[in-house]
Amino acid sequence: MLVKRVVTSILLLGGLLLVLWANSFFPAFAIAAAICALMGAWEFYRMVGASGKGRPVLWLGLALTLLFVIAPTLKWDHSSGILISIAVVAPLLWVMLRRDHRDAFSSWAFTLAGILYLGWLSSRYTALIRLDDGYKWVVLALFCTFASDTTAYFVGRLLGRHKMAPSISPAKTWEGAAGGLAGAIILGSLTAWILKLPLSLWQAVLLAAATSVFAQAGDLVESLFKRNMGAKDSGHALPGHGGMLDRVDGIVFAGLVVYYYVIWHG
């Protein structure tokens, strides 16, 4: 399992670098982000359906997830409010038209949750890469997340003693979380320096630390969701990692931190 996890991580990193290079010629990053978001959304809705806790409107959830992700690339700069309105109203109308209304509101709520979780959050990356030096900020967000996830995993396995959230994810420890925070700070600061991002050392440290905290929170959120759905992994698309949702859970949360830092601080 460890070998599979490492090999998959190396392949994903290589694929990311290839996508960022190809983005100079065509919107490769938006395409890759859309594929990841759609895979994650499909796994999200599949788990809900298998749990029997709702019947999400799959086709509508996937379509709106895709629209959210590609909207920044298409320069629909004022579309967020419209898309959110459609995401709220359209699934509600659709479940109302069903003959069986027993799970209408849970089905609507899960449909909307999947759209916002995978569509809206992922769209912060496609919006981020459009900004000045956007690809550098994307690299920073992703590298901080990867460093946080990797160091938390290994430090937790080696030194983990104190459970962080045993009712949500029994394997996670405070030692692992601290290791993830340290790993993100080290690699994040180094990445910011190499890419010559307009960050002082203390800004790079704080941004990397915040990114790690949000990434680990995103991981816990997905663990809680899987526990509620009675699932161990979201899928088997990525050997050693589980499904796509298992891989992007922290990434989509981390993107919020970097995107709004750039927007608010220029």
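Modeller: Start with the largest pocket, which holds about 1200 Å³ of space. This is a predicted model, where local features need pLDDT of at least 70 and side-chain atom pairs pLDDT 80 or more, while totals for chains, interfaces and linings use all residues. Residues are numbered from 1 along each chain as its sequence is written, and side-chain values use heavy atoms, with hydrogens and water left out.

Biologist: What makes something a pocket and not a cavity?

Modeller: On a 1 Å grid over the protein atoms alone, a cavity is a set of points where a 1.4 Å probe fits but cannot get out, whereas a pocket is an open set with protein on both sides within 12 Å along at least five of seven lines. The volume is the space filled by probe spheres set on the points, which are joined across faces, edges and corners.

Biologist: Which residues count as lining the largest pocket?

Modeller: Lining residues have an atom within 4 Å of a point. There are 41 here, with Arg5, Ser169, Ala171, Lys172 and Asp219 nearest the centre. They split into 13 nonpolar, 14 polar and 14 charged. Charged is Asp, Glu, Lys and Arg; nonpolar is Ala, Val, Leu, Ile, Met, Phe, Trp, Tyr, Cys and Pro; the others, Gly among them, are polar.

Biologist: And how is the lining of the second largest pocket made up by class?

Modeller: That pocket has about 470 Å³ of space. Of its 20 lining residues, Leu16, Ala32, Cys36, Leu142 and Ile251 are closest to the centre. By class it's 17 nonpolar, 2 polar and 1 charged. Helix H2 (28–51) gives the largest share, 6 residues. Helices are DSSP runs (H or I, at least four residues), numbered from the N terminus.

Biologist: Why is H4 called roughly antiparallel to H5?

Modeller: Helix H4 (residues 80–97) packs on H5 at about 155 degrees, axes 8 Å apart. Roughly antiparallel means over 145 degrees, so H4 and H5 qualify. Axes are lines fitted to C-alpha atoms over the stretch in contact, and angles run from 0 to 180 degrees between N-to-C directions.

Biologist: What does the contact of H4 with H5 look like by class?

Modeller: It has 11 nonpolar, 3 polar and no charged residues, contact being heavy atoms within 4.5 Å.

Biologist: How do you know the label for H2 and H5?

Modeller: Their axes come within 10 Å and cross at roughly 160 degrees, so H2 is roughly antiparallel to H5 too. In that contact, 14 residues are nonpolar, 5 polar and none charged.

Key. Helix = DSSP H or I, 4+ residues; strand = E, 2+ residues; numbered from the N terminus. Parallel < 35°, antiparallel > 145°, perpendicular 65-115°, else oblique.
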